[in-house]
Amino acid sequence: MADTAGYERFFPYDDPYPNQREAMDRIANALARGQDVLMEGAPGTGKTLSALVPALSHAREHDRTVVITTNVHQQMRQFVEDARAIANEEPIRAVVFKGKASMCHLDVGYEECRSLKETTRSLVEAEADRRELAERSEALLDEVQAGSDEAGEARSAVVEELDAVEEEIESLRDANVCEHYRANLTRDTDAFHDWLFDDVRTPEEIYAYADERGLCGYELLKEGMEGIDLAVCNYHHLLDPTIREHFFRWLGRDPAEVITVFDEAHNVESAARDHATRTCSARTLEGSLAELDDADDSRAERARNVIEAFLAGLETAVDDALGFGEREQVGDDWHDLAVANDDRRDDLTLAFLDAYEGAGIDAEIDLALQVGERLDEAYEEAYRRGETTTRKECSTLQAASFIADWMGKGAELGRHPMVAVRRDGGTGEVYGRAELYTCIPREVTSGLFDEVSASVLMSATLRPFDVIEDVLGLSDPVTMAYGLAYPEERRRTFAVEGPALFASERDDPETQATVAETLADVIRMTPGSTLCFFPSYAEAERYHDRLGEGYLDEAGTPTEDLRRRFTDDDGAALFTSLWGTLGEGVSFDGDDARTVVVVGVPYPKLSERLEAVQDAYARAYDGRRAAGWRYAVEIPTIRKTRQALGRVIRAPDDFGVRVLLDKRYTRAGRDMGKYGVRDSFPPEERDELIDVAPEKLKFAMLNFYADLDAYDGEPPAP
């Protein structure tokens, strides 16, 4: 067993929350055994410190680094606060790391940045060589003047070398260099690292400090990360294998010397899927053909065979997949088209094979890769020499790499072939994109969890644990779940026996009337503001317009200002999609949201992607379609619903009402087969569900809030 008492020095407060000490003990013991941990904890459980405190203690004892990561900006700020609180009790060296794009002073891409650094380093080294040679030349001159013939010959060689270095410096000065990085290399930067570890600094603070002094804070931060106690970062630093390799190297750690902590870990599945998915558009293929036309390379013509045929195949697949009148409806966003087949290769591959007239696909893909690599090196050299102001990306290398995956290991990695189209905003032309869509994310995540020392995955909605374990490829993790520890009498969760809001029923006038009347009752009976979540933005807009009040969250619009206006307006209602950004990772405290309503069972929109994921999970579980539905649809939907319910009751003295407005949440919904979702909730949450008729909900809410003296003055009339 772990020395659980040892971690207490990292706990920054007087007393743990209820269940927090038990969680820390169990996590400490799991880390000592090298086991992964799945922890579900309701708001107020203190999940972050429950994981961080024993992880930091274990890392200190075994010379390891803890990496805590999230994909929610608000949680990043919470990590900083917790790390600062820990540092006030027990000195730790911690960094908060963001990607280069958010910390770069020049706004250049990764490849450009790498080239700038190499050229700048070469210039600084050449200038150092010049100083050394000049000093040697001066010393030898003294010997020459003293009559040494040997010194004269040696000085001639030094002067000749000095002239060559001068020419190199002149050439490098005409090239692209980064003055911020040059300052890093030529000035004393000890003060930066002293300042960095005097507190837990945010990326914004690092940027400001470095910018004021003309330094590159991003590179200085990387240099200071070796052997630190704690790193705070975004998901992509761990989920992207290439970035992860660099990140661990900056930490100066082998993977087995790293403990990873994932917050909001129910999002790891979709994030890993996005990181593993690959795309290649017709524009990239066209750019490749233009490159090959200009390339002075004997292999270019054969490389062109495969690129040109793939572009022709993509265009054919798009033309065949677009239905009558569908091309005219294509807009600025990517629109998926079905090309996969159950009994043969996908339509794009078949069209590609039909268009191909070369001497061998595999051989000519290899030649295209070789040409692409040579062109990419030439673009790199041109940028380094200052012959171009930007570092050009090689379309041929991108296209050839994608086609190699499409024809080779794409299927092995569980990637589903897809095609999408969009309209070019400039020309108005509709063009296509091929995509290898990753269905089962454990192909990405299992390698990470296997190679690190141990991982802690935490969220308010991780259960069922067996699903997350299978989906992410975890092996025999320790599991723990802690529900709301706040007084049960200060909350109510109602399952309303209203219409089952299947997509086919949502336009029914009687259904809409029942939903609208129930929502009006909920908003009127709430002593504070109400959050209303819907299966889509369109449904949110429908009921916002029907009720004629409140704030509407619209797709694609920033939400921070909307959230602020809503929370500043006492007694307001906010209408939004459960699949938007306000359903998780956002706190609504006290009267900011007293009641939350989830209207319907917000299944994701049916699409080829969703079908592909269902099929992939079904194949993984011996062809059981039910497993595909459960893993791909039901469980993610219930997690989303539970996240939305968690927007209220955020503290021990808080109170509120959660409403599930759909028959499928009630006991009666159990008669609806797989569409009845009551039993998909964890047992203790299911036990709190109170079935109520739509017309009785207002009385139930009135009684609850009145018993708590929540109304300011007379309660509203039911």
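# Cavities, a pocket and helix contacts

About 120 Å³ of space lies in the largest cavity of this predicted model. The structure holds 2 cavities of 30 Å³ or more, and the second largest pocket has a volume of about 780 Å³.

**The largest cavity**

- A set of 14 residues lines the largest cavity, and Cys 104, Leu 106, Cys 113, Cys 178 and Cys 216 are those nearest its centre.
- Two or more lining residues come from each of helix H4 (110-145), helix H6 (179-186) and helix H9 (217-223).
- H4 provides the largest share of this lining, with 3 residues.
- By class, the lining of the largest cavity comprises 9 nonpolar, 2 polar and 3 charged residues.

**The second largest cavity**

- The volume of the second largest cavity is about 40 Å³.
- Its lining consists of Leu 501, Arg 506, Phe 534, Pro 535, Glu 539, Val 599 and Gly 600.
- Of these lining residues, 4 are nonpolar, 1 is polar and 2 are charged.

**The second largest pocket**

- The second largest pocket has 30 lining residues, and those nearest its centre are Gly 44, Gly 46, Gln 75, Gln 78 and Arg 650.
- Helix H2 (47-62) and helix H3 (73-89) are the elements that give two or more residues to this lining.
- The largest share, 6 residues, belongs to H3.
- The lining of this pocket is divided into 10 nonpolar, 10 polar and 10 charged residues.

**Helices H4 and H5**

- The crossing of H4 past H5 is left-handed.
- The contact between H4 and H5 contains 15 nonpolar, 4 polar and 10 charged residues.

**Helices H17 and H18**

- H17 passes H18 with left-handed geometry.
- On the H17 side, the contact is made by Ile 365, Ala 368, Leu 369, Gly 372, Glu 373, Leu 375 and Asp 376.
- On the H18 side, the contact is made by Thr 396, Leu 397, Ala 400, Ser 401, Ile 403, Ala 404 and Met 407.
- In this contact of H17 with H18, 9 residues are nonpolar, 3 are polar and 2 are charged.

**Helices H21 and H27**

- H21 takes part through Thr 518, Asp 521, Val 522, Arg 524 and Met 525, while H27 takes part through Leu 697, Lys 698, Met 701, Leu 702 and Tyr 705.
- The contact of H21 with H27 has 6 nonpolar residues, 1 polar residue and 3 charged residues.

Key:
Residues numbered from 1 in each chain as written. Predicted model: local features only at pLDDT ≥ 70, side-chain atom pairs only at ≥ 80, totals over all residues. Heavy atoms only, no water. 1 Å grid on protein atoms, 1.4 Å probe; cavity = no way out; pocket = protein on both sides within 12 Å on 5 of 7 lines; lining within 4 Å. Points joined across faces, edges and corners; volume = space filled by probe spheres on them. Helix = DSSP H or I, 4+ residues; strand = E, 2+ residues; numbered from the N terminus. Nonpolar A, V, L, I, M, F, W, Y, C, P; charged D, E, K, R; others polar. Contact = heavy atoms within 4.5 Å. Left-handed = near helix turned anticlockwise from the far one by under 90°.
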